[in-house]
Amino acid sequence: MTKELLLILIHLTLLAMSYAAFARDPEIRLYKMTRDGHSEKYMLFGKGDNPGCHNTPYTYHVYKVAVIAFKNCSVFSAKDCRPDSILPAYWKNKDKASTKMKQGTRWFLSRDGTEVDVSSWSCEIKNP
């Protein structure tokens, strides 16, 4: 009986762990390119998981954006998510630009992978 109970407990623990691996909290990540050609994530100081408009503390030089579990996100070259400053993003190896980035980690702010100045971002949550 104890062995069966232990096996059930292990099975339930593994199920909970596998669910947690796929259940992600919403987050936007902004990346810059380091001098040696590696990606480095900007720290968004606890705001990257909140919906709505957020300003960066200074202008970030961003080449790649990742959107996780949000309905969509947009980035802007001006503070306060000014509509006239919205930046287009390109899914890697695709030419079609979008100003609303859906979930994914392959959004680039220029076709050639160069950095673009970002001063704010805005994300929307998924409807329950």
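Trainee: Which residue of β9 does K64 stand opposite?

Mentor: K64 stands opposite F108 in β9. This is a predicted model, in which local features need pLDDT of at least 70 and side-chain atom pairs count only at pLDDT 80 or more, while totals for chains, interfaces and linings use all residues. Residues are numbered from 1 along each chain as its sequence is written, and side-chain values use heavy atoms, with hydrogens and water left out.

Trainee: In which sense do strand β4 and strand β9 pair?

Mentor: Strands of a sheet pair through backbone hydrogen bonds, either parallel or antiparallel. Here β4 (residues 64-68) and β9 (residues 104-108) pair in the antiparallel sense over 3 bridges, where strands are DSSP runs (E, at least two residues) numbered from the N terminus and pairing requires at least two DSSP bridges between two strands. The open sheet has 6 strands in the order β2-β1-β4-β9-β7-β8, with antiparallel pairing; its edge strands are β2 (39-41) and β8 (97-98), each of which pairs on one side only.

Trainee: With which residue does K41 form a salt bridge?

Mentor: A salt bridge is a side-chain nitrogen of Lys or Arg within 4 Å of a carboxyl oxygen of Asp or Glu. K41 forms one with E27, the closest N and O atoms being 3.6 Å apart, and this pair links distant parts of the chain, with K41 in strand β2 and E27 in strand β1 (residues 27-33), 14 residues apart.

Trainee: Why does N72 count as buried?

Mentor: Buried means under 20% relative accessible area (1.4 Å probe, protein chains only), exposed over 50%, and partly exposed in between. N72 counts as buried because its relative accessibility is 4%, whereas K41, at 38%, counts as partly exposed.

Terms used. Helix = DSSP H or I, 4+ residues; strand = E, 2+ residues; numbered from the N terminus.
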